Amino acid sequence: MEKPMNDMCSARSGRLGMVLTDIIKSYWSLALFLVWMAVGVFPLSCYENDSMHLLAGCSVMANQGVTVPPPYSYFYDMQPLVSYVVVGLNAVFAGLTCEQLYCLVTWFAACFAVVGAVRFCRRLTLLPVHVLVFALLFLPESYACAMYPNSAVPAYACFVWAMCMVLDGRFVLAVALMGLAPLFRIDVVIVYPVLLPLLLFVYGRKKVWRCVALSAVAAVAVVAIVTVGCAVMGADPVRHTLGMYSSFDAGGQYSGQVKYALFTFYTIVSVVVLPLGVVVLWRRRSLLLLVTCLLPMLLLHYMFRRTGCAGKHWLYILPFVLMLCSTGWAAIARWCNGRRGARYAVAALVVLYAFCSVRITIPLAVAKVSKAWVGNERQEGPFLTLLSEDLTPMKCRFGIGAGQFIPTADEMMIASGNVFYPFYIHAYKSNKDAMRREAKAYADTLPCYDIAALAWGDRIWYQNLLLDDGYAMTGKNDDGYVLRKGGSTVDCYYVHDDIPKGDAAAAYRTLKPLKRPGRPLLVVPETDARAYVMDKLVALGKAVRHARRCYEVR
């Protein structure tokens with residue numbers, strides 16, 4: 001009996017080894033992608049100012065007790081669940097701040113979303129994992145979303161895995177995830193009509209009415225889950241969120257930034273490979289797959305045609321864009337097979353885009369795009385100059401590394417050199433976080449002081465560090481709030497005047513009345529534009545700079 005038992009154990013060990021070998025062969029590229037992406041996650045610091053306001057509400061509840069709704073937030077009705085997830089985790093992991101926990105939640109959600117997107121696309125396209133991961137490299141939002149806290153990422157992760165569960169035939173779990181996702185961020189429901197074509201993949205075109213019925217059941221269940229969840233958390237996404245989007249759409253204040261967000265989401269590479277993927281699916285008569293890809297894309301593009309000012313607004317369609325782009329890449333690979341010259345040409349273009357970049361200096365003479373306040377921190381990250389010129393005002397530099405900064409409303413994106421993007425963000429976040437900590441190191445020497453916020457981000461960027469230290473927020477109103485801890489008080493004032501960027505005189509006229517006798521008035525600007533203004537005041541003798549981003553008004 002002993003020998004057969006040993007043979008059986010050996011057989012099981014052999015099968016387990018084969019399974020592990022298959023997993024490693026199939027998913028090594030995905031694992032490498034996730035490790036590479038993690039570089040930009042650290043330090044665990046938020047660089048996007050809208051999320052800073054949401055984080056402040058989390059810190060206030062962690063310090064002063066949980067309330068419904070939070071005493072401070074950012075568009076709480078649109079994204080109620082994430083605040084309580086962060087506060088709940090803070091109660092368990094007390095050694096981490098709310099900011100660090102929100103960064104970790106976003107990172108983990110992004111990792112799950114990447115794995116789910118690859119799994120989903122592989123199921124429908126039958127393409128190898130390494131082809132899908134290669135295509136992800138040229139879709140920067142797939143990894144950029146992991147590098148700053150954002151409620152769209154857990155909503156996206158829930159949605160991606162809901163689609164995976166639909167294809168697996170686990171309908172109840174899919175509906176549960178689809179109900180959970182809008183509680184993280186309500187706008188994910190825009191792409192939910194894709195459920196019908198996915199059900200047709202599962203049950204076949206001969207059972208259309210069954211698929212329609214299941215879609216209707218899912219819609220009712222999602223509405224019920226969201227309604228109950230929002231009622232418990234004191235949120236009203238229908239009235240407040242729809243009103244917000246309507247006002248943004250009518251006002252058009254973000255419409256000028258949509259083109260930058262679309263460029264950084266798709267990149268110039270996808271302009272070629274995505275239409276090629278559409279053509280390939282059309283010629284194959286894969287019409288159901290084509291509809292599955294194009295339906296959510298068209299819906300989201302229509303809804304965010306004037307307000308999609310950052311890559312995160314297009315995040316929900318990333319799996320469908322990935323399917324089209326990876327199909328296009330596979331077609332290019334087949335076309336290059338047996339054509340040595342074409343293979344080398346495509347490889348050279350890919351390497352140039354992924355590793356090489358051009359950086360320029362925007363000349364001050366170009367009035368409409370002149371931004372003298374854009375500092376070196378927006379051109380950080382690894383960059384090795386190979387060629388440069390000083391003959392033109394643009395002062396172009398060509399080299400290996402992270403490319404030209406492209407402004408979007410929320411994210412720091414680059415035009416090329418995507419392989420270096422995580423290192424670029426790591427450098428940017430490290431520098432930005434160090435600047436506010438330098439400001440705090442000086443301010444900690446003062447028992448009491450006032451602080452004026454010239455811009456939206458200034459209202460909470462530095463102050464979050466005080467909340468992390470246990471300060472309590474009191475007296476919040478439309479003009480500011482007070483932070484207290486023991487005998488130390490910090491009065492925070494909002495500046496409502498619309499100060500033109502670069503206008504130091506207007507800034508000083510606004511700040512001077514806020515200064516109280518015997519009490520320092522500090523300005524800790526989160527934005528480059530306001531730091532530029534304060535530096536001009538220092539040159540005029542109207543302010544003193546105590547740290548890179550800490551100024552005292554005279």
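Before you start: this is a predicted model, where local features need pLDDT of at least 70, side-chain atom pairs count only at pLDDT 80 or more, and totals for chains, interfaces and linings use all residues. Residues are numbered from 1 along each chain as its sequence is written, and side-chain values use heavy atoms, with hydrogens and water left out.

**Exercise 1.** Find what kind of peptide bond joins phenylalanine 42 and proline 43, and where proline 43 is.

Step one: look at omega, which is about 0 degrees, and the bond is cis. Helices here are DSSP runs (H or I, at least four residues), numbered from the N terminus.

**Exercise 2.** Now work out omega for the bond between valine 68 and proline 69, and locate proline 69.

Step one: omega comes out at about -5 degrees, and this peptide bond is cis. Step two: proline 69 lies in the loop between α2 and α3 (80-92).

**Exercise 3.** Is threonine 267 buried or exposed, and which helix holds it?

Step one: threonine 267 isn't a glycine, yet its phi is positive, near 65 degrees. Step two: find threonine 267 in helix α12 (residues 258-283). Step three: threonine 267 counts as buried because its relative accessibility is 4%. Buried means under 20% relative accessible area and exposed means over 50% (1.4 Å probe, protein chains only).

**Exercise 4.** Where is arginine 285, and is it buried or exposed?

Step one: arginine 285, also not a glycine, has a positive phi of about 65 degrees. Step two: arginine 285 belongs to the loop between α12 and α13 (287-303). Step three: its relative accessibility is 57%, so arginine 285 counts as exposed.

Methods:
Helices (H or I, at least four residues) and strands (E, at least two) are DSSP runs, numbered from the N terminus.
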